[in-house]
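You asked for a short note on this model before it goes further. My points are set out below the structure.

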Amino acid sequence: MEIERKFLVKDNSFIDEAFKKRRIVQGYLCSDAERTVRVRIREEEGFLTIKSATNERGWSRYEFEQPVSLEDAEELIKLCLPGLIDKVRHYVKVGDHIWEVDVFHGENEGLVVAEIELESEKDTFEIPLWVGQEVSRDARYYNSMLAKRPYLHW
């Protein structure tokens, strides 16, 4: 089960706090209201991920992820629906949690979203100063939706 909250980012001060960053390219083999099947290349690693629809709060959903070879991931990306996601993910430790801050490129240039994964929907967490409005329930900010309707076209 994935429990995740998403927020817009107010400024880029998180960059100085990041302890690592990685480029991610991903596409979708299937993307509808009930499920997504994603192919991701994170630097030299490949992954195949299946996610269910989120719950009514927009925070939790079933997630199944398996590593695949880089070669398989590169071939699977070619089968994806139109609209790839290209982003750099920055990892920032705040309190007891790791925030993942995605700086989007390509047709989503200008969008910066911070995510935090939780153990439980009841978990409390520290919100850093660079975090702005919560967008967990706004489907426009789901990566699968950004692949279909990129930020530059809003």
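Predicted model: local features only at pLDDT ≥ 70, side-chain atom pairs only at ≥ 80, totals over all residues.

The points below cover the pockets, one arginine and the nonpolar cores.

1. Largest pocket, size and centre. The largest pocket holds about 300 Å³ of space. Its lining is made up of 21 residues, and those nearest the centre are Glu2, Arg38, Arg40, Lys51 and Glu63.

2. Largest pocket, make-up of the lining. Charged residues account for 14 of the lining residues, beside four polar and three nonpolar ones. Several elements each supply at least two residues, including strand S1 (2-9), strand S2 (20-31), strand S6 (63-68), strand S7 (85-94) and helix H3 (143-148). Strand S3 gives the most, with four residues.

3. Second largest pocket. About 190 Å³ of space lies in the second largest pocket. It is lined by 16 residues, with Asp32, Ala33, Thr36, Tyr142 and Ser144 closest to its centre. By class the lining has six charged, five polar and five nonpolar residues. H3 provides the largest share, three residues, while S3, strand S4 (45-52) and H3 each supply at least two. H3 and S3 also each give at least two residues to the lining of the largest pocket.

4. Arginine 5. Is arginine 5 buried or exposed? Arginine 5 sits in strand S1, and it counts as buried because its relative accessibility is 12%, below the 20% cut-off. Its side chain makes a polar contact of 2.5 Å with the side chain of glutamate 134. Leaving aside neighbours within four places in sequence, arginine 5 is also in contact with residues that include Trp59, Ala114, Ile116, Leu118, Phe125 and Ser136.

5. Largest nonpolar core. Which residues have the most contacts inside the largest nonpolar core? They are Val9, Phe14, Val92, Trp99, Val101, Ala114 and Trp130, in a core of 16 residues. S1, S7, strand S8 (97-104) and S9 are the elements that give two or more residues to this core.

6. Alanine 114. This core residue is one of the contacts of arginine 5. Beyond its neighbours within four places in sequence, alanine 114 is in contact with Arg5, Lys6, Phe7, Val9, Trp99, Glu100, Val101, Trp130 and Val131. Val9, Trp99, Val101 and Trp130 from that list are also among the core residues with the most contacts.

7. Returning to the largest nonpolar core, of 16 residues: another core lies apart from it and has ten residues, among them Tyr28, Val135, Tyr141 and Ala147.

Terms used:
Residues numbered from 1 in each chain as written. Heavy atoms only, no water. 1 Å grid on protein atoms, 1.4 Å probe; cavity = no way out; pocket = protein on both sides within 12 Å on 5 of 7 lines; lining within 4 Å. Points joined across faces, edges and corners; volume = space filled by probe spheres on them. Nonpolar A, V, L, I, M, F, W, Y, C, P; charged D, E, K, R; others polar. Buried < 20%, exposed > 50% of the residue type's maximum accessible area, 1.4 Å probe, protein only. Polar contact = N/O pair within 3.5 Å; in protein donor to acceptor, adjacent residues only side chain to side chain. Contact = heavy atoms within 4.5 Å. Core = buried A, V, L, I, M, F, W, Y, C linked by side-chain atoms within 4.5 Å.
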